[in-house]
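This report concerns salt bridges and the placement of their partners along the chain. Please consult the sequence and the model shown below.

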Amino acid sequence: MTTCHLSKVVCEMLMHASRLVPLSQEHLIIKLSQLIHQLLNQLQVIVDEHALDVLVSYCTRALRTCSSWTHPEVLLALSSLVYGNGSRCHRHLPELLGLSGILVNYGDPSQPDIELRRSAVHCLANLCLSVPGQPYLEEPYKGVCYGILLRTLQSPKPPDVEDIVFCTLLQSALKGTQYFLNGGKWKAVSTQDLGTLLALLKRFMFYGLPGISVEMPQVLYPAPLPQYETIPAAKPELSQDSASQQNKKRKSRGKGKKAGAEGKNDDDDHTSGHLKTGGSGVDQSGWSLGSQSASVTSPSGVTPQLYPSWKKGSSDSEFSDPEGGMQTKLRLYQARVRQSALQCFLAVVKCVEKRILYGYWSSFVPDAPGIGGPPPLTLLTIALKDPSPKVRAGSLQVLSALLEGSRQFLSTAEDTSAPRQAFTPFSATLAASVRELHRCLLLALVAESSCQTLTQVLKCLAHLVSNVPYNRLRPGLLSPLWKQIRPYVRHRDVNVRVSSLTLFGALVSTQAPLPEIQLLLQQPGSTSALSTPQELSHNWRLPTRRDGEASSPGGGVEGDPEGPCWMLQLCVSLVTQPREEPYSDSDAGGSSGASLEPLPIRLEALQDKTQVLCITILLGLTYSENALVKAAAVRALGVYILFPCLREDVMFVADTANAILTALDDRSPNVRAKAAWSLGNLTDTLISVGLEFQEEFSDMLLLNMLRSATKASGDKDRVKSNAVRALGNLVHFLQPVHLGKPVFEQPLQEAMRALIDTVRGEATMKVRWNACYALGNAFRNHNLPLGSAVWSKEAYSALSYVVTSCKNFKVRIKSAAALSVPSTRDRYGDAQQFAQVWQALAQALEHSEEMEDFLEYRYCASLRSQLCHALLHLLSVCQPNDLPALRSSLSDQSRPVLQGFLVHYLSNKGVTLVAGVDGAAGDEAGDHAVPEDGLRALNETLTRLKGQLEEAVLDRSEDLETVVNFLEDVLRNFEEVKESDSKVFSLPLSKLPQ
């Protein structure tokens, strides 16, 4: 029986049963409710519209008329019916979520019956869930659900309610909040709404964690400095030499993992990830109490506080009492609450803008170790001390999501300068936070026994390494990390191996100084220094060594300066040798995370023959039958083409181009996307090569690249965005010898047509931004017949349309930049075409403060600066035939508006705004000239037009005079503003207005 037919049969049966069971037979109603719940959950039945309406209506009538003792079971059935169907229950939403709705009354924290309250909150959570392809729960009902869920999390546990029951209530509320957050971008009701939610999530991240009691503030406020938190006082703990701590940890780790639970699955028994090592100096809950004397330490000799508490064993008699089973069950439910809170936090990270979220950075990421006191309540504390491997993995997932894309935020971190005594700048605080992240994640790496959680540690480290500005930090962060992760490339778990290689890729491609990377790559490859029992158990490929025999991961000689580095040899062996154990390609390729793709090894750090080896292997792998391998190889070639040692090599560029063009026709969308990205990189290098390279490069290959990029511009958006970038580069690269050949005429027209259609089309804003950039890039080719070609008018028309109507300001900025590229008047076409461009730019500047989305406001100043630059550029090249169009726009009510914006731009205030929007407009920094250039262009234009005014004939003098008067007014107002500003700055402090 098919799933569709089964669902139809079950729905018909349940509707028939609802007609047979009257509301007066309450015992039968209980049975029917249980039947609905069991069938829908066990058989995964999809309820059709009619059955949903009938059964929800039956449940609501039962809740209105039947005795209260039946309501928990009816609500359970209702929760199964509305699961993922919130938007389809619109007819019943007023009765369920209205002013006196059933779920509103039962789910309110004032509801005394905890079973009714718990069932109602579970229904609310399922109503908030939306399956892919269906709309979300509509307002105002979505807001009603969120309000009840938030109040549920804020309310304390009633004194007569069991802890486990209350845990299930919290878990439902957190799950519902997660579903709510997944329903779209965060829209705060008030400025403190996000802070309230984050304070609750931080509280429940530590819920029931043994040995900790937190008085969390009601609201977390965004601030660069951490807030104070009330935690139980602890006696100072014994501090030891950090190096001896690490060595002793590794010894105990090797002993523990033999008897540990690494081979077990991470099921709901959260003690499976523990290591029973025994010892003193810790309480029965596993949290350290502090040293009573200098001789009291953990079993491995590590300071108790720093050693992960879930690694510390407890007495065997702990669970021997009669209540031991209940305590274990309670800890399981408390761990589920913590896990749900972290999943909810992950949803927050995904739906809230990062620039807003980073204001709460100090509340969740430490900036100093908690030496001598309790550990700080951060995500890293959970990763180190929570006894549940799933909760530890959840905290690391949240931290990875925070670190992903954090390069701009972390770029302010710096600790290379001398420390200041008066105050600690934010850059130094952030640098300390980065160092603490390295320290704690290395501790987690050493201590972790669960393979799944270990994979998350490696992923988190890879995100950290990819975003940290190591060139602004004191050296010494990369080498310990490099040393610690080397054993994991031979780990028995394939996901751990892939994640460790991903981390190595991030390390060798980081923006650290190149000599540091060279030293890391040239470290010897012997495993003799990595011979702890645990590390040797990680070995999955190396043969067993005989006594006195040495080997290296790549089979080379230790410390051999002439041979390839050990990591490169390992990578070569991975791609050339057959697999030695069965696993699926999805396992091997999916574990590293699609969002993190570090760059390949830097070629400058390798010797010539090693470079040839890398290139040869990559070119061969682009023809692999495995789509994941092919995509990775094509992407790596796209990085290699950017290296100075290869971009001038015509043969390498030609070989790479042929491999990319082959991959661009692959049936896998992922391979095509990587190939388009690599083609964009390759064509970026073409426009900067010398004349000798241009002469040697094959015309036929160039033609094939032009045709392939044009074809790819009609593919999916992830392919199209880089295909149009490549088209702009290729058109820019075309030389007179190419443009003179008939074979290039039709491909050129098709390429320009593809760019124009993409600018005007309905693609994503990223694609349209790239298309505008590509047109501006193409306009920079002075050999292109811009202004006279058949496609010129359409190109200007498309850019003019975008600069006035696109709702995304970054796309408008790029289109305005493209319109200001042509350097001479003839490249703008006839007077009508020039007038169209001028009017579009003037209109866009006049209405530059009008926006559909308030988030675009941060780009408003940058847009105005670019538009002012473009208008001044058009004035600098205008001819007498263009003056009537200019006069018409400068004679009406638009004149004072345009004049005010131009004065503002010339006064250097526009650029200040551009740089002051939290770096938001930094991508556009290179699009507009500095105001000094605009002032120089204005003076030159005014001098030229004044000269023409003296020689002007009568019919043109009025147009010319209007334009000259406008420019003189702009210049006069600019001088007045400048003089006013200079007077303000020259006043003594006592004279300034208070």
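## A pair within one helix

By about how many helical turns are Asp969 and Arg972 separated in helix H45? The two are separated by about one helical turn, because they stand three residues apart in helix H45 (residues 954–986). Helices here are DSSP runs of H or I with at least four residues, numbered from the N terminus. Asp969 and Arg972 form a salt bridge with an N to O distance of 2.6 Å; the term denotes a side-chain nitrogen of Lys or Arg within 4 Å of a carboxyl oxygen of Asp or Glu. Arg972 is partly exposed at 42% relative accessible area, a class lying between buried (under 20%) and exposed (over 50%), with a 1.4 Å probe and protein chains only.

## Basis of the values

The model is predicted: local features need pLDDT of at least 70, side-chain atom pairs count only at pLDDT 80 or more, and totals for chains, interfaces and linings use all residues. Residues are numbered from 1 along each chain as its sequence is written, and side-chain values use heavy atoms, leaving out hydrogens and water.

## Pairs across the sequence

The structure holds 24 salt bridges. In one of them, the closest N and O atoms of Glu448 and Arg392 are 2.8 Å apart. Glu448 lies in the loop between helix H18 (426–447) and helix H19 (451–467) and Arg392 in helix H16 (residues 389–403), so this pair ties together parts 56 residues apart in sequence. Glu448 is buried at 1% relative accessible area, and Arg392 is buried at 0%.

Asp699 and Lys741 also form a salt bridge, at 2.5 Å between the closest N and O atoms.
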